[in-house]
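User: Got a model to go through with you. Can you walk me through the fold?

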Amino acid sequence: MPNVKATTVSAENPQTYEDVHVHAVYDEIAPHFSSTRYKPWPIIAAFLSSLPTGWVGVDLGTGNGKYLPLPSERPGSVWTVGLDRSRNLLEIAKRAGGVEREVVWGDVLDRPFRLGAFDYAISIATIHHLATAARRKAAVKRLLESISPSHGRALIYVWAIEQDELSKRSIPGAPGSASPEPEARCSTGKGQDVFVPWVLAQPAEPKSKARRKGKTDSQTAQEETGTREGTPPAAPKVYDRYYHMFAKGELNELVIEAAEELGLQVGEPGAGDGPPRSGEAVVYGLQIVQDGWERSNYYVELRRWKQ
């Protein structure tokens with residue numbers, strides 16, 4: 001498998017950079033990519049299982065929609081709308097779980113929904129495809145704005161620079177890496193900008209009917225066997241996908257900065273000076289319910305509140 005390569009993002013036009021190294025790639029590899037993405041991660045499945053019946057949410061960067069049918073033990077008890085930039089992946093997502101789903105072609109940096117429209121939101125393996133810290137922070141803001149300011153819940157997953165022993169990826173510059181390349185780290189000294197290859201096997205060309213015409217089945221079989229043995233298969237095509245691999249603590253800092261720029265108080269409700277007195281303004285806040293590292297990913301679960 002080709003190696004992960006360090007890269008430096010062009011600061012001139014990060015949108016164009018993402019168009020080339022993220023969006024165009026996923027449209028090309030959509031069917032093959034989808035065939036490898038079918039098993040829900042345990043913490044994500046548990047989060048969706050914990051939601052009250054009747055809640056409506058959004059999956060920002062839904063891909064092939066594998067989380068849209070969850071929770072599997074209560075199918076249909078909550079309803080998740082899927083949003084993605086890849087039309088080809090959305091074609092797959094709209095029939096996730098064998099049921100017609102609501103999917104939206106859109107960008108996680110836009111505001112396609114009214115503020116506070118959803119009870120919950122998930123962003124799984126999406127924000128790490130945004131090419132600058134400012135754009136990643138903006139995506140977190142859009143997520144926080146999309147959920148209810150009084151009870152909205154959210155879960156974010158991103159790839160970690162610290163990969164486990166089961167990962168096929170060796171990240172340049174990561175702890176234990178044999179070939180650190182610190183010049184490719186982001187300007188704050190956190191995380192790592194890389195290209196992660198996707199190897200797409202090329203299908204063999206079928207033998208035309210014209211070439212088989214007039215041949216017996218035995219002759220055709222012998223010819224085709226000889227062709228397969230004598231002709232090497234088409235070389236697989238390799239697509240480089242851009243990722244920002246997050247360092248320890250980076251995701252939480254991003255969430256806190258985004259929340260504070262939205263005017264939210266970060267912490268548990270009641271952690272300040274108590275409820276507002278008569279005539280005082282309502283306080284809006286954000287609680288980090290849990291965070292951690294799981295199988296080469298960092299995650300954070302969030303809850304919005306007001307008092």
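Analyst: Strand 2 (residues 56-60) and strand 5 (residues 120-124) pair in the parallel sense, over three bridges. Strands are DSSP runs (E, at least two residues; helices are H or I, at least four), numbered from the N terminus. Two strands pair if DSSP finds at least two bridges between them. This is a predicted model: local features need pLDDT of at least 70, side-chain atom pairs count only at pLDDT 80 or more, and totals for chains, interfaces and linings use all residues. Residues are numbered from 1 along each chain as its sequence is written, and side-chain values use heavy atoms, with hydrogens and water left out.

User: Which residue in strand 5 is the bridge partner of Asp59?

Analyst: Ile122.

User: And what order do the strands of the open sheet take?

Analyst: The order is 4-3-2-5-6-11-10-9, eight strands with mixed pairing. Strand 4 (103-105) and strand 9 (265-266) are the edges; each has a single partner strand, so one side of each lacks a neighbour in the sheet.

User: Switching to Ser77. Where is it found?

Analyst: Ser77 is in the loop between strand 2 and strand 3 (79-84).

User: Buried or exposed?

Analyst: Ser77 counts as buried because its relative accessibility is 12%. The cut-offs are under 20% for buried, over 50% for exposed, partly exposed in between (1.4 Å probe, protein chains only).

User: What does Ser77 touch, leaving out residues up to four places away in sequence?

Analyst: Pro52, Thr53, Gly54, Trp55 and Pro71. Contact means heavy atoms within 4.5 Å.
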